[in-house]
Amino acid sequence: MTPLKRQFFRYALPSMLSQLLNSCFIIVDGFFIGRNLGDIGLAAINVAWPITAFIQAVSLGLGLGGAVRLSTALGRGDKEEAALARGNTLTALAAAGVVMSVGLWLACPVILPLIGAKGELYAPALEYSRMICALALGQTINTGVLPLLRGSHKTMQAMSFTIVGLLGNILMDWLFIQGFQWGLAGAAVATGSSQILCAVLALPTLLAVRELPLRRADFAPRWRMLRGIVQYGISPFGLSISTSVILLITNLQALHWGGTRGVAVYAVLSYVLGAVIPLVTGVGDGVQPLLSHARGAGEWGQLALLRRWGLSLAVGVALVCSVLTWLGRSQLPLVFGASPEATAEGAAAMWTLCIGYPFMAVVRFCSSYFCAVGEPVFSGILAYGEPLGTQPLMLLVLPLFLGLTGVWVAWPAAVALAAAAALVLLAMQAGKQPPAAKNENLAGQRP
């Protein structure tokens with residue numbers, strides 16, 4: 001194995017695991033909620049999830065945008081700009097966390113009915129959302145700091161902090177939901193507190209990176225740097241929020257065509273999908289520092305290899321997940337305590353996820369790749385094209401002919417179209433680069 005390939009796996013695998021563990025926060029909540037509150041609890045947290053995911057998407061967008069600036073500057077050998085990117089990203093994260101915490105807490109009663117939290121779902125959804133908003137600063141800092149750690153070559157530390165946070169979340173979920181019977185508020189307290197724990201551990205590690213000395217001036221807002229962070233963060237934000245947009249539209253359609261049980265079935269499907277998306281997304285996010293470094297240094301040979309390896313790994317992982325999901329289709333709904341009816345319907349619809357995983361892998365890796373190499377337009381097309389274009393179209397049209405089944409089929413149909421667009425954009429972008437051959441002698445060097 002070449003030095004570059006070893007680095008590829010050293011960055012990709014911990015990121016995949018970190019992303020998977022990070023997604024387990026909501027999966028663990030679903031496990032305890034389903035077993036203690038049943039279909040109503042599952043449906044309520046699923047309906048309320050877009051608010052939590054919006055906080056996560058803003059945080060991830062800022063964190064990855066800052067990480068791209070940091071890694072690209074390190075590739076050019078500009079440590080001063082790298083330190084400035086780190087400082088300004090942390091400033092932006094802190095400001096965003098405060099604004100979202102206050103603004104969303106006040107707006108929850110208005111937002112929730114618009115996204116499907118009506119009738120018996122409204123009270124538990126409001127209970128969960130307001131507690132999440134009250135603790136949003138910790139989630140914002142934690143979610144944004146992890147990409148900066150990976151960009152600073154601290155991949156193992158980022159993974160370790162995520163593991164600690166997940167273990168804390170499991171313990172607090174058991175204590176607050178099952179022990180104290182705090183319901184959905186307990187789930188939110190457990191999630192928020194564990195995110196705060198991760199942030200408290202990760203932040204000092206990021207600030208102690210030796211090659212980037214700590215300077216107070218780096219935290220003073222610089223318009224040029226902030227604009228660059230936001231520019232590169234737009235597509236990661238879109239890629240992250242796309243899950244929530246799709247969740248929102250699908251919830252509304254599932255509620256229309258299948259009632260509360262339809263939403264409960266989709267809750268099960270979304271939990272399963274939520275475990276696969278981070279594994280696939282983690283490939284692109286993990287190798288982002290290597291891609292940005294190679295782009296900053298003009299090492300086109302490395303860039304071509306990393307692109308090919310990343311796309312192959314993402315699709316390969318997706319295919320394995322398709323097989324595992326199909327084999328476990330009857331048991332997976334039981335994990336979340338769904339009712340017998342919801343379990344049967346969820347198992348019957350699981351095939352739609354299996355078909356969609358590989359297409360999703362292509363879209364997500366290509367979007368991360370374009371962001372990492374300074375192609376925000378291409379990345380934005382993929383990040384926003386599916387949730388704002390193909391997915392709503394499929395969700396509106398297919399149920400008219402297939403009923404509730406059309407709601408489940410809409411996702412694989414939409415990601416298949418987006419994957420075709422991703423491959424076209426990838427061919428266009430690759431054609432703009434200098435021939436990789438002239439830099440192939442650099443492929444074994446350490447970034």
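This is a predicted model. Start with the second largest cavity: its lining counts 8 nonpolar and 3 polar residues, and no charged ones. The volume is about 100 Å³. In total, the structure holds 2 cavities of 30 Å³ or more.

Who lines this second one? Among the lining residues are I246, Y266, W408 and W411, along with T250, T352 and Q391. Three helices each supply at least two lining residues: helix 7 (223–297), helix 10 (340–372) and helix 12 (404–432). Which one gives the most? Helix 7, with 5 residues.

Now the charges. Side chains of opposite charge can pair when their charged atoms come close. How many salt bridges does the structure hold? It holds 3.

Take E81 and R69. Their side chains meet at 2.8 Å, N to O. E81 sits in helix 2 (residues 79–114) and R69 in helix 1 (residues 3–76), so this pair ties together parts 12 residues apart in sequence. Both E81 and R69 are buried.

E81 also meets R76 in a salt bridge, at 3.0 Å, N to O. Is R76 buried or partly exposed? R76 is partly exposed, because its relative accessible area is 46%. E81 has 12% relative accessibility, so it counts as buried.

Then there is R215 with D218, where the closest N and O atoms are 2.8 Å apart. R215 is partly exposed, at 34% relative accessible area. D218 is buried, at 3%. As for shared partners, salt bridges join R69, R76 and E81 into one network.

That's it from me. Over to you.

Technical notes:
Residues are numbered from 1 along each chain as its sequence is written. This is a predicted model: local features need pLDDT of at least 70, side-chain atom pairs count only at pLDDT 80 or more; totals for chains, interfaces and linings use all residues. Side-chain values use heavy atoms; hydrogens and water are left out. On a 1 Å grid over the protein atoms alone, a cavity is a set of points where a 1.4 Å probe fits but cannot get out, and a pocket is an open set with protein on both sides within 12 Å along at least five of seven lines; lining residues have an atom within 4 Å of a point. Grid points are joined across faces, edges and corners, and a volume is the space filled by probe spheres set on the points. Helices (H or I, at least four residues) and strands (E, at least two) are DSSP runs, numbered from the N terminus. Ala, Val, Leu, Ile, Met, Phe, Trp, Tyr, Cys and Pro count as nonpolar, Asp, Glu, Lys and Arg as charged, and the others, Gly among them, as polar. A salt bridge is a side-chain nitrogen of Lys or Arg within 4 Å of a carboxyl oxygen of Asp or Glu. Buried means under 20% relative accessible area, exposed over 50%, partly exposed in between (1.4 Å probe, protein chains only).
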